[in-house]
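I opened the notebook on this entry to look up a few points in turn. The notes follow in the order I took them.

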Amino acid sequence: MEETSVLDSKGFDKWAGEYDRSIAESSKGYPFEGYYDVLSSVHSLVKEPEGKNILDIGIGTGLLTNELYKKGANIFGLDFSERMIAEAKIKMPDGSFYISDMKDGIPDALNSKCFDYIVSSYAIHHLDKEEKLKFLKDLKDILDDEGSIIIADISFRNNEDLAECKLESEHKWDEEEHYMVIEDLTGDLLGMGFTSKYTQISKYAGVLELSKNS
Ligand SMILES: C[S@@+](CC[C@H](N)C(=O)[O-])C[C@H]1O[C@@H](n2cnc3c(N)ncnc32)[C@H](O)[C@@H]1O
């Protein structure tokens, strides 16, 4: 029998049909504590979405950007799972979708575009720290000079907070995922020409907002 891991595209394909329901049932505790509050805080950072070009990285079934789509934003979604994208298309039939692995950088079809916002929820932890920084550098090139990158994910202000949450979640903690620890990223982000602002939304998750300072 073919083996799949939830970390590969086939694993996410299997989850796609059940994803929205499983999230609704698990927004308490690790890993999805405060999921809907986290999404709402991203929505509140997107000013006047109508007509804005918004790229959603790891769009999944479209739970994050569907609200912005309804307000008239032009939604572009990237994900490596065909089935996740199929679900997102049902919610956002006029969206533009790209099947691509974040680890391969920005697909050519997106490289010629310019985005007002690049958003992402619960996806960037699939990249390790070096992969994240490289990907953010590539995203900066397709971001409007006045635009923002908004990343919502399982994340912590510092290593003490991460260690505490890891202890509390015990056997559930996923060692294969790479959660942002903001104190470890701030210097690199500044060096890459980003101004950053981080807000912890729930015990396990926060929102990192990046804008260009050069
Ligand atoms: C936990 S889901 C989050 C989906 C959605 N953003 C949300 O907030 O509900 C993670 C998503 O990231 C996608 N993903 C994971 N690793 C990826 C990779 N290396 N490249 C592209 N997409 C990836 C998965 O297919 C999945 O749709």
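What share of the contacts in the protein chain with a separation of 6 or more comes from residues 24 or more positions apart? I found 61%. I note that the model is predicted.

Overall build. I counted 9 helices and 8 strands in the protein chain. The radius of gyration is 16 Å, close to the 17 Å that the globule rule gives for 214 residues, so the chain is as compact as a globular protein of that length. Along the principal axes, the C-alpha atoms fill a box of roughly 45 × 45 × 30 Å. Buried residues make up 34% of the 214.

Core. I looked up the largest nonpolar core and found 46 residues in it. Its largest share, 6 residues, comes from strand 5 (residues 143-156). Ile54, Ile118, Ile149, Ile150 and Ala152 have the most contacts inside this core. I then followed Ile150: leaving out residues up to four places away in sequence, Ile150 touches Val42, Leu45, Tyr117, Val119, Val207 and Glu209.

Ligand. I listed 17 residues around the ligand, the closest being Phe12, Gly58, Gly60, Ser81 and Ser121. By type, the shell divides into 9 nonpolar, 5 polar and 3 charged residues.

Lys71. I placed Lys71 in the loop between helix 4 (66-70) and strand 2 (74-79). Lys71 counts as partly exposed because it has 14 C-beta neighbours inside 10 Å. Beyond residues up to four places away in sequence, Lys71 touches Pro49 and Glu50. From Lys71 to Ser96, 25 residues apart in sequence, I read 16 Å, C-alpha to C-alpha.

Terms used:
Residues are numbered from 1 along each chain as its sequence is written. This is a predicted model: local features need pLDDT of at least 70, side-chain atom pairs count only at pLDDT 80 or more; totals for chains, interfaces and linings use all residues. A residue is near a molecule or strand if its C-beta atom, placed from the backbone, lies within 6 Å of it. Ala, Val, Leu, Ile, Met, Phe, Trp, Tyr, Cys and Pro count as nonpolar, Asp, Glu, Lys and Arg as charged, and the others, Gly among them, as polar. Helices (H or I, at least four residues) and strands (E, at least two) are DSSP runs, numbered from the N terminus. A residue is buried if 20 or more other C-beta atoms lie within 10 Å of its own, exposed if 12 or fewer, and partly exposed in between; C-beta atoms are placed from the backbone. Two residues are in contact if their C-beta atoms, placed from the backbone, lie within 7 Å. A nonpolar core is a set of buried Ala, Val, Leu, Ile, Met, Phe, Trp, Tyr and Cys residues joined through C-beta atoms within 7 Å. The radius of gyration is taken over C-alpha atoms; the globule rule is 2.2 Å times the number of residues to the power 0.38.
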